[in-house]
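I opened this model to look up its fold, its charged side chains and its packing. My entries follow the order in which I looked.

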Amino acid sequence: MTGAGAAAAAADRDPGLQPERTRLAWRRTTLSATVVAVLAGKQAIHDDVTAPGLLAAGLSALVCIGFLAVAHRRIQSLGAARPPALSRRGALLAAVCTVAFAGFAVAVLL
């Protein structure tokens with residue numbers, strides 16, 4: 001876009017609605033991640049407290065904390081008038097946390 005085109009696009013953009021929807025989506029996702037971590041920990045130590053169960057619960061908590069860190073940074077960056085795109089590092093960490101949650105779910109159920 002040219003300078004005038006970019007200025008017109010910025011003027012047409014409502015800075016409050018889209019970032020607010022994205023912020024709410026991140027909050028819903030962090031709530032879901034926290035619930036998944038708590039349930040995985042509970043399931044891992046359901047019958048008996050074992051070393052693998054405690055390891056799974058600890059890893060679930062660690063992954064949840066990593067995801068919460070990415071989400072918190074993203075939510076804070078959405079307060080800017082023109083929020084930057086999610087960094088590659090943040091996107092990779094969020095994806096790794098999601099895959100790790102899925103892996104923990106399979107491991108806990110087996």
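The entries below go from the whole chain to single residues.

**Ground rules.** I am working with a predicted model, in which local features need pLDDT of at least 70 and side-chain atom pairs count only at pLDDT 80 or more, while totals for chains, interfaces and linings use all residues. Residues are numbered from 1 along each chain as its sequence is written, and side-chain values use heavy atoms, with hydrogens and water left out.

**Whole chain.** I looked up the secondary structure and found four helices and zero strands, taken as DSSP runs numbered from the N terminus (helices H or I, at least four residues; strands E, at least two). Of the 110 residues, 25% count as buried, where buried means under 20% relative accessible area, exposed over 50%, and partly exposed in between (1.4 Å probe, protein chains only). The chain exposes about 7,400 Å², with carbon and sulfur atoms supplying 68% of it; the areas come from the Shrake-Rupley method with a 1.4 Å probe, and for residues only the protein chains shown count as cover. Among contacts (heavy atoms within 4.5 Å) between residues at least 6 apart in sequence, 73% join residues at least 24 apart.

**Salt bridge.** I searched the whole structure for salt bridges (a side-chain nitrogen of Lys or Arg within 4 Å of a carboxyl oxygen of Asp or Glu) and found one. It joins the side chains of E20 and R23 at 3.0 Å, N to O, and both residues lie in helix α2, three residues apart, about one turn of the helix. E20 is partly exposed at 31% relative accessibility, whereas R23 is buried at 15%.

**R74.** Next I turned to R74 in helix α3, residues 51–77, which is buried yet has no salt bridge, the nearest side chain of opposite charge being E20, 13 Å away; for charge, Lys and Arg count as positive and Asp and Glu as negative, with His and the chain ends not counted. What does the side chain of R74 reach at 2.5 Å? I found the backbone oxygen of P84 at that distance. Leaving aside neighbours within four places in sequence, R74 is in contact with W26, P84, A85 and L86.

**A94.** I then checked A94, which lies in helix α4, residues 88–109, and is buried, with a relative accessible area of 11%. A94 touches F67 and V70, not counting residues up to four places away in sequence, and its C-alpha atom is separated by 8.0 Å from that of G66, 28 residues apart along the chain.

Notes. Polar contact = N/O pair within 3.5 Å; in protein donor to acceptor, adjacent residues only side chain to side chain.
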